[in-house]
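I opened this notebook to keep track of what I looked up, one entry at a time. The entries go from a single element to the chain as a whole.

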Amino acid sequence: MIDETQNNENGNVDETTANYIAAIKELKEKTVDRSEYEKVVADNKKLLDSVINGSTTEQTEEQPKESVEVLRKSIFGGELNNLDYAVKTLELRKRLIESGQADPFLPVGHQIAPTDEDVACANKVAEVLQECIDYAEGDAQVFTNELQRRTIDVRIR
């Protein structure tokens with residue numbers, strides 16, 4: 001009889017302890033560290049102040065950009081897969097246009113003046129490349145498959 005009472009008491013204690021540990025574990029999973037919470041509140045306050053005052057804040061840190069020369073060397077001198085080649089080519093195009101240079105996707109020559117149709121085609125090529133890059137999510141094979149699916153081979157006679 002005494003043994004049965006001790007077993008019941010031990011069983012209840014073990015069950016209570018297990019419930020208590022489970023409750024603590026659940027609290028830890030569902031709560032946030034106070035310092036992290038205060039940081040989020042401070043960031044939100046800065047953002048709200050900037051919206052109210054009309055100023056802008058930089059939320060993301062800019063990564064150092066490769067120079068145009070470094071991009072050219074990596075595109076034309078290195079071994080790149082199709083995805084990396086497309087990413088670097090679009091970045092080079094963007095940089096050249098931003099610096100006021102000619103769009104490398106447009107025809108160039110002494111007797112050639114790009115038309116509005118040429119500009120539209122160049123922009124369409126860049127747009128399709130970017131869509132394929134976004135769709136691939138870093139997978140070079142997926143990028144190549146998507147690019148092949150979206151392009152049409154034209155026979156040259």
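**Entry 1: helix H4**

I began with H4, which has 17 residues and reaches 24 Å from its first C-alpha to its last, close to the 24 Å expected at 1.5 Å a residue. I note at once that this is a predicted model, and I keep that in mind for every value below.

Next I looked up both ends of H4. At its start, a side-chain oxygen of Asn 81 comes to within 3.1 Å of the backbone nitrogen of Leu 83. After the helix comes Gly 100, and its phi is positive, near 90 degrees.

Which residues of H4 are buried? I found Leu 83, Ala 86, Thr 89, Leu 90, Leu 92, Arg 93, Arg 95 and Leu 96. These buried residues pack against helix H3 (68–77), H5 and H6.

**Entry 2: a salt bridge inside H4**

I then turned to the salt bridges, of which the structure holds four. In one of them the side chains of Glu 91 and Arg 95 meet, with 3.0 Å from N to O. Both residues lie in helix H4 (residues 82–98), where they are four residues apart, about one turn of the helix. I wrote a general rule beside this: an α-helix has 3.6 residues a turn, so residues three or four places apart point the same way.

Are the two partners buried or exposed? Glu 91 counts as partly exposed because its relative accessibility is 25%, and a residue has to be under 20% to be called buried. Arg 95 has a relative accessible area of 12%, so Arg 95 is buried.

Asp 103 forms a salt bridge with Arg 93, and the closest N and O atoms of the two are 2.7 Å apart. This pair links distant parts of the chain, ten residues apart, since Asp 103 sits in the loop between H4 and helix H5 (116–136) while Arg 93 sits in helix H4. When I checked accessibility, I found both Asp 103 and Arg 93 buried.

Where do the side chains of Glu 131 and Arg 150 meet? They meet in a salt bridge, at 2.4 Å from N to O. Glu 131 lies in helix H5 and Arg 150 in helix H6 (residues 140–150), so this pair ties together parts that are 19 residues apart in sequence. Glu 131 counts as partly exposed at 30% relative accessibility, and Arg 150, with a relative accessible area of 32%, is partly exposed as well.

**Entry 3: a patch on the surface**

I also looked up a nonpolar patch on the surface, formed by Tyr 20, Ile 21 and Ile 24, which together have about 310 Å² of accessible area. One of these, Ile 24, is found in helix H1 (residues 2–30). Ile 24 is partly exposed, its relative accessible area being 32%.

**Entry 4: the whole chain**

Last, I stepped back to the protein chain, which has six helices and zero strands. Read along the sequence, its pattern is α-α-α-α-α-α.

How much of the chain counts as buried? I noted 16% of the 157 residues. The accessible surface comes to about 13,500 Å², and 52% of that belongs to carbon and sulfur atoms. Among contacts between residues at least 6 apart in sequence, 38% join residues at least 24 apart.

Technical notes:
Residues numbered from 1 in each chain as written. Predicted model: local features only at pLDDT ≥ 70, side-chain atom pairs only at ≥ 80, totals over all residues. Heavy atoms only, no water. Helix = DSSP H or I, 4+ residues; strand = E, 2+ residues; numbered from the N terminus. Buried < 20%, exposed > 50% of the residue type's maximum accessible area, 1.4 Å probe, protein only. Expected span 1.5 Å × (residues − 1). Contact = heavy atoms within 4.5 Å. Polar contact = N/O pair within 3.5 Å; in protein donor to acceptor, adjacent residues only side chain to side chain. Patch = residues over 30% accessible without salt bridge, like charges linked within 9 Å, V, L, I, M, F, W, Y side chains within 5 Å. Areas by Shrake-Rupley, 256 points an atom, 1.4 Å probe, with all protein chains shown as cover.
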